[in-house]
Amino acid sequence: MVTPATILYMIFTFYPILKSLTMVTQKWQGLRSTYIGLGNFTRMMQDKVFWQALGNNFLFMAIQIPIMIMLALILAVMLNQGIKRGRGVLRTIFFLPCVTSLIAYSVLFRMLFQTNGLLNNILINLNIINAPIGWLNDPFWAKATIIIALTWRWTGYNMVFFLVGLQNINSEIYEAAEVDGANKIQQFFKVTLPLLRPVILFSVVTSISGTMQLIDEPNVLTWEGGPANATMTAALYIYRQAFVLNSDFGYATALSYVIVLISGLFALIQMKTLGRRDE
Amino acid sequence: MSVARRWSISKLLIWIFLFVGAVLCVFPFIWMLIGTTLNPNDVIAGVLVPGKEFPLNWNKAVKNYNLPQYFLNSLKIAVITVFFGVIVNSLAAFGFEKYRSKARERLFSFFMLSLMLPQIAIVIPLFKEMSALKLLNTHAAIILPSIMSPFIIFFMRQNFQMFPTEIMEAARIDGASELYIFFRIAFPSMKASFVSAGIYMFLSQWNSYLWPLMTILSEDKKTLPIAISSMMRAYTIEYGAVMVIVCISILPALVLYLTMQREFVAGLLGSVKG
């Protein structure tokens, strides 16, 4: 019964992994390849754009994930405890952004964030800004655009995880806390947050792994990692090395090993934290 | 009284927060729908009153941008992937869960290990392999590698834990074969899980971007996501028509979500159940 899956796995996952072990030692020019040993790795050390791209990945992680997790938590707690009506409808609405494909919403946001576009018009009409912001042309604002877009797309997704987590918390705990005189805010920090810790950790880890692989948004929303590589990510840079710029598959493979290494490290942390959940 | 007032102010703040959040979530969708009725300049300028250009935009989307072709390509690829994917992965999951052995357990952990592998690391050597197999620029290149999914195997295995082993023993005494048990007993009794797995596979294939972008070169074989992204590359962009196409590309997911919300979310949440 497991045979068909195993065969497909061997051909389309395991064999490519093995093949990459030889590719990583080669320099590819068009269809020709020459053995260069660890040459790709020494080249990588001097590749400023790659490290800049990797830095962008970490920047997006450090800023976007905390904002998103916090918003998702607030929404989940409000839906669960703050209101009595409209819970189902609001949950449906908050999850709605998750049904869009990454390309669809990237294109939509690209149109929305044009310098002469709707977002700037609204902000100017509300007197929040005086002059249009170059969302897609300015390095700082382009990064902000990616962060806003990611937050729009994924907050509801994480909120649903938190809602499930909240529903698993026994309401008697809150009743006991209330008897002890804890107000809503104390209850949130002393009861809700500690009990949700495993779910939050899971969300953080999934988001880290997603941000590590970020590619669709910088390629379409801010266009090819622009402006001036301000939103270039490691995965997008690797794709461009292999398919757009040099078709050097050996070098691209070597770069992808860095992402594997980092993802592996995060996965290790994940197993440690999820392991703790079972105790 | 002051307690009552504080209570209502915090209620009010909660509702304002939720309302603003809901508006932000829904607004891009509404803007997209309005955009399908506007001319390109009005789309970008952000006119928020519906116009009269929907028929024109629809025609451009169909004739200039070849929407039906891309739609059918995406649909064909997604449906074939779901059909074979659900069978192959749930069979494997059933095997792992109900016919346990040390070797299978090891194979399962081996599969799960690849869940952590970033896509970008696989696709580059996979591209070379596809090139050697002469499969580049075919839909088979997109379908074949996405049929086997470690995540769906994991998800279905979790679900099969709830399928009682006693039924299988009873069926065996009645002379049923193992495949009969799977297709005629497990499948009908666990339909919701299969639907969740199918929705999940459909969406990930329907939305997949990077791999089709690498493998598909000719215009007539493109899927919706890569067609949309190459439309944005053009010198003049028919924004109204692009809105129509983006709208159509979101539609299947939207319909699945609104009609089968429970199964839809179950697939996405599958990873935390364990």
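**Domains and chain contact in a predicted model**

Nine residues of domain 1 of chain B are in contact with eight residues of domain 2 of chain B, where contact requires that the C-beta atoms, placed from the backbone, lie within 7 Å. On the domain 1 side that touches domain 2, the elements that give two or more residues are H1 and helix H2 (40-45) of chain B, helices being DSSP runs of H or I with at least four residues, numbered from the N terminus. By class, this side of domain 1 of chain B holds six nonpolar, three polar and no charged residues; Ala, Val, Leu, Ile, Met, Phe, Trp, Tyr, Cys and Pro count as nonpolar, Asp, Glu, Lys and Arg as charged, and the others, Gly among them, as polar.

This is a predicted model, in which local features need pLDDT of at least 70 and side-chain atom pairs count only at pLDDT 80 or more, whereas totals for chains, interfaces and linings use all residues. Residues are numbered from 1 along each chain as its sequence is written, and chains are lettered from A in the order in which they are written.

Chain B is divided into domain 1 (2-52) and domain 2 (59-273), with bounds from an automatic or database domain assignment, and the C-alpha centres of these two domains of chain B lie 33 Å apart.

The contact between the chains takes 64 residues from chain A and 65 residues from chain B. Helix H1 (residues 2-35) of chain B gives the most to the chain B side, with 11 residues, and that side divides into 52 nonpolar, 10 polar and three charged residues.

For the complex, the predictor gives an ipTM of 0.89 and a pTM of 0.91. The mean pLDDT (the predictor's confidence in each residue, from 0 to 100) of chain B is 90.

Methods: Two residues are in contact if their C-beta atoms, placed from the backbone, lie within 7 Å.
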